[in-house]
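I opened this notebook page to record what I looked up about a ligand site and a pocket. The entries follow the order in which I made them.

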Amino acid sequence: MQEKLRQIRERAMQEIASADSLAKLNDVRVAVLGKKGELTAVLKGMKDVSPEDRPKVGQMVNETREAIENSLGETKKKMEALALEQKLQKEVIDVTLPSKRSGFGHAHPNTIALEEVERIFIGMGYEVVEGLEIEYDYYNFEALNIPANHPAKDEQDTFYINNDIVLRTQTSPVQVRVMEQGKLPIRMIAPGRVFRSDEVDATHSPSFHQIEGLVIDKNITFADLKGTLQEFAKELFGADTKVKFRPHHFPFTEPSAEMDVTCFKCGGKGCRFCKGEGWIEILGCGMVHPHVLEMSHIDPKEYTGFAFGVGLERIALLKYEIDDMRLLYENDSRFLSQF
Ligand code: DAH
């Protein structure tokens with residue numbers, strides 16, 4: 001019996017020593033200490049041992065079991081510690097590596113251009129106001145001296161909601177809304193989205209942005225208009241910029257003009273950018289028509305004023321030398337990230 005126990009113990013110890021996984025270790029436990037295990041079988045055979053030998057044999061069996069259990073337990077602990085160690089080594093984090101960049105965006109070129117224009121006019125004491133994108137025909141046309149059947153109405157291909165309501169074709173209706181409030185003097189710009197039933201191409205879009213300007217006060221003259229817009233152009237395009245006013249027609253201003261600036265690429269000599277002209281058209285302007293003032297309850301004998309309208313996209317395209325307006329609307333980050 002003693003020899004048998006010694007053999008069991010020795011073989012178990014060998015198997016434990018050569019086990020290379022927790023699963024194999026468990027196999028050893030089952031084979032020796034399990035229900036049908038070798039040592040369990042010995043215990044079961046105790047009944048055949050003579051009563052006087054039983055305590056001695058029992059003690060020996062217990063010692064053997066204890067030794068094997070201890071060895072199993074220790075080896076299991078060692079294996080688990082080793083596994084943890086290996087796991088930690090594998091998952092090691094190099095804190096000196098550069099971190100992943102988070103994708104911060106930035107303002108759209110239209111917004112950058114708008115903020116620049118706002119900065120310039122706020123600096124000259126103007127207020128920034130907002131109007132409505134869905135407007136009454138009255139504000140978009142009628143109150144701006146464009147009555148029904150006026151040919152100027154044809155020039156602006158309008159999206160009609162119904163007979164009286166339109167998607168505004170210009171920011172000029174904001175002039176009327178501000179004048180109607182009756183607080184004078186007025187110095188304001190009104191940026192915003194406008195809509196025209198236009199096909200999309202490199203210079204057109206059914207939805208684009210304008211910035212309206214309006215000044216109403218006593219003794220405002222065309223000289224104020226010229227000085228203000230010249231200053232604006234110099235601030236926006238550079239101190240060397242010259243401006244030129246060409247007579248034009250807008251129903252709500254009299255006289256009316258379009259303002260050109262010297263090409264900031266060639267300084268006015270003529271290049272590909274200005275199509276050889278040396279000048280680039282940037283806005284429409286004029287002295288507010290007396291009839292427009294009257295319709296908004298301002299006495300044209302007491303007050304005069306000037307107004308202007310700039311295309312925001314046009315400024316962004318010029319300032320950043322972008323040759324296709326569609327790029328501003330496609331939201332391609334490869335394009336947008338360049339500004
Ligand atoms: N509203 C005009 C347009 O969309 C632009 C414009 C011209 C606005 C002259 C003005 C102005 O305020 O005085 O074509």
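The entries below take the ligand and its surroundings, then the pocket.

Entry 1, the model. I note at the outset that this is a predicted model.

Entry 2, the shell around the ligand. I asked which residues are the closest to the ligand. I found 16 residues surrounding the ligand, with Q170, S172, R196, Q210 and E212 as the closest. By class, I recorded 9 polar, 5 nonpolar and 2 charged residues in this shell. I then looked up the strands involved: strand 5 (207-217), strand 8 (279-288) and strand 9 (304-311) each contribute at least two residues to the shell.

For E212, I read 2.6 Å between a polar side-chain atom and an oxygen atom of the ligand. For Q210, an N or O atom of the side chain lies 2.9 Å from a ligand oxygen atom. For Q175, a polar side-chain atom is 3.0 Å from an oxygen atom of the ligand. I also looked up the cover: of the 360 Å² of accessible area that the ligand has on its own, the protein covers 90%.

I noted a volume of about 170 Å³ for the second largest pocket. Its lining consists of E127, V129, V178, Q181, K183, P185, I186, R187 and M188. Which strand gives the largest share of the lining? Strand 4 (residues 186-195) does, with 3 residues.

Note on methods. Residues numbered from 1 in each chain as written. Predicted model: local features only at pLDDT ≥ 70, side-chain atom pairs only at ≥ 80, totals over all residues. Heavy atoms only, no water. 1 Å grid on protein atoms, 1.4 Å probe; cavity = no way out; pocket = protein on both sides within 12 Å on 5 of 7 lines; lining within 4 Å. Points joined across faces, edges and corners; volume = space filled by probe spheres on them. Helix = DSSP H or I, 4+ residues; strand = E, 2+ residues; numbered from the N terminus. Near = heavy atom within 4 Å. Polar contact = N/O pair within 3.5 Å; in protein donor to acceptor, adjacent residues only side chain to side chain. Areas by Shrake-Rupley, 256 points an atom, 1.4 Å probe, with all protein chains shown as cover. Nonpolar A, V, L, I, M, F, W, Y, C, P; charged D, E, K, R; others polar.
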